[in-house]
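Please keep the sequence and the coordinates in view.

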Amino acid sequence: MFTDYIFSISRYAIPFLSVVILLRNLRSLLRGRTEPEIWAYLRVGQENVPVYHWESLIGRARSADIRLFGEGISPIHAVLKRTDKGRWSIYDVFSRSGVWVNSVPVPEAGIPLRHGDLINLGGSCVRFLNLSTQQRQRNENKRTGAGKLVNPAFTLGELTLLQLFLLLQHAYSARQADFGTIALSFATLIVLEWCVYEAMRLMNRMGFEMEIFAFYLTTIGLTVAASSVPEDIYKQILLIVAAVVLFLFSGWWMSNLQRTVSTRIAAGVLALGLLALNILTSDSVNGAKSWLEFGGYSFQPSELVKAFYIYAGASTLDALYMRRNLYSFIIFSAACVIALALIGDFGTALIFFVTFLVISFMRSGSIATVLLAVTGAFLAGFLAVTIKPYIARRFAAWGHVWDDVYGAGYQQTRSISAAASGGLLGKGAGAGWLKGITASDTDMVFAYVCEELGLVVAVCMIAAVILMALFAIRCARNGRSAFYAIAACSTSALMLVQLALNVFGTLDMLPFTGVTFPFVSRGGSSLLACWMLIAFLKAADNRRGASFAVNPVNRIMTWEEEQGIEVVSWGKLPRRGGKGGRK
């Protein structure tokens, strides 16, 4: 009787805590102010124009970050770039009248800038004014810090309580022989998330909303694994630990933008190598060659390739305006999509294509390029439906699954029935019957969660992914670097499309493509990829003390400070010459 009472409480507590966690993170992410960072100034006449980005377009076009209206200034004239070490350079892009720094013409490779340098842009002269460490610190202290509106430790405590309630439900439904492993897995996850929180505090990083969302979704994924394959749950928790470690490593790696950009080609080669290995060595299962087997473990290369593809596709502004870089990206994208077509992974190919559209538009700014890509994809899709019979069958079954409940509509009709039977609160973790259907815990995991945990929790899962994407898009407007902005926006598009294909495909609102739900679907490859993708969103977070993509202010020295050159105030003319300076 007592256990029944506790189980009843947990059925209400889990959706309630899910909504509370969602609303607290919503308030922290979307109601917090996102003031732009000031990294330098350009003296234009008597006015100091702030430089808000590590890479800024200079020109008279509306899309320029710094708009100048001199007679000789082109729509997009130059790019002003800062490294994460605090060193500045300027690049001439598409200008008709050239760029000079202290009467020296700027080559295609750019030229370094120092405090007080005079920049001539087609006859219009501006002066570059760098910020000292003290000035940057004062500006930084005026910005709103992350985690001020909502205490992340309290939200993480609510997530821990939710995890304990889920564990209670498994204690009620799981076999006694399996419960010990399930309890150990949940305990490991709780310890892991608190260790990550403390690690972020040690690095003076207080914005923990992305991690809480990721851990919330991972928790739902762990309870799905505990319900469907309790005998293998230890594999799932080991993969979770590996995924979080990979997330932390990715964050540390991207804290150095120069190192990040310099390894883009290596990431692209690795992506193509994984796909080639998949094509050459894997066996076809249900029309697709998506899996590799290593020592009893299955591995899906296309999942990790998603992260490598975005990593290789994002770029800095100075590189974006070199056409050869855009052409090489198009060739790289075409190779990835062709490889996925050969593998037979239609769902992942569609996700890649949408991601390509986002990256190509952000890289080129050309609607014509996007329309051309859409036309080509339409023709390729028509060809794929014609050549691949199983893809044609899925399109034929779309909207007609109830016409053949024992054939083409077998999985989806069961999923829809199970989702409806769960109601708002669900039957309880481990108490559903959908787990007996093939791929219920991967491709149809949305219905799985609806049945066992209820519609409220399932909607909170969807909202968590959407909120992360909206916040990343919001941050991209004030992004430090084009690399972080492109990576975050393309990651958001990828996760939203993957989410839509999984949920709508399960409910027969879209063709059933067999893609996973981010973080929740059981499987190590998808989980590793999702945590890597979260690192892109975290890197784009430009709130004070939130992102690990920028070092604390007091650890960065400007070029002038490194050389011992005095940085003067804005009211005086810069002093020329001096130690390490220019005559």
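The charged end of Arg 259 lies over the ring of Trp 252, at 4.2 Å from its centre. A charge is taken to sit over a ring if NZ of Lys or CZ of Arg is within 6 Å of the ring centre and within 35 degrees of the ring normal. The charged end of Arg 259 also sits over the ring of Trp 253, 4.7 Å from the centre of that ring. The model is a predicted one, in which local features need pLDDT of at least 70 and side-chain atom pairs count only at pLDDT 80 or more, whereas totals for chains, interfaces and linings use all residues. Residues are numbered from 1 along each chain as its sequence is written, and side-chain values use heavy atoms, with hydrogens and water left out.

Aromatic pairs come next. A pair of aromatic rings is described by the distance of the centres and the angle of the planes. Rings of Phe, Tyr and Trp (its six-membered ring) pair if their centres lie within 6.5 Å; planes under 30 degrees apart count as stacked, over 60 as edge-to-face and the rest as tilted. By this rule there are 15 aromatic pairs. Phe 249 and Trp 252 form a tilted pair, because their ring centres are 5.7 Å apart and their planes stand at 40°. These two residues are 3 residues apart in helix H6 (residues 233–254), and are therefore separated by about one helical turn. Helices (H or I, at least four residues) and strands (E, at least two) are DSSP runs, numbered from the N terminus. Phe 249 has 44% relative accessibility and counts as partly exposed, as does Trp 252 at 47%. Here buried means under 20% relative accessible area, exposed over 50%, and partly exposed in between (1.4 Å probe, protein chains only).

The rings of Tyr 309 and Phe 352 are likewise tilted, since their centres are 5.1 Å apart and their planes at 50°. This pair links distant parts of the chain, 43 residues apart: Tyr 309 belongs to helix H9 (residues 301–313) and Phe 352 to helix H12 (residues 346–364). Both Tyr 309 and Phe 352 are buried. In H9, 13 of 13 residues are buried. Ring pairs also join Trp 39, Trp 54, Tyr 311, Phe 483 and Tyr 484 into a cluster.

Helix H12 also holds Ala 349, which counts as buried at 15% relative accessibility. The C-alpha atoms of Ala 349 and Val 337 are 5.8 Å apart, although 12 residues separate the two along the chain.

What of the nonpolar interior? A nonpolar core is a set of buried Ala, Val, Leu, Ile, Met, Phe, Trp, Tyr and Cys residues joined through side-chain atoms within 4.5 Å. The largest such core has 144 residues, and those with the most contacts inside it are Ile 90, Ile 119, Val 449 and Phe 519. Helix H19 (residues 524–540) supplies the largest share of this core, 13 residues. A second, separate core of 7 residues includes Leu 57, Ile 76, Val 79 and Val 93.

Finally, 6 strands form an open antiparallel sheet in the order S2-S1-S11-S10-S7-S8. Strands S2 (47–51) and S8 (104–105) stand at its edges with a single partner strand each, so one side of each is left without a neighbour in the sheet. Two strands pair if DSSP finds at least two bridges between them; strand S1 (residues 40–44) is joined to S2 by 5 bridges. Val 44 stands opposite Glu 47 in S2.
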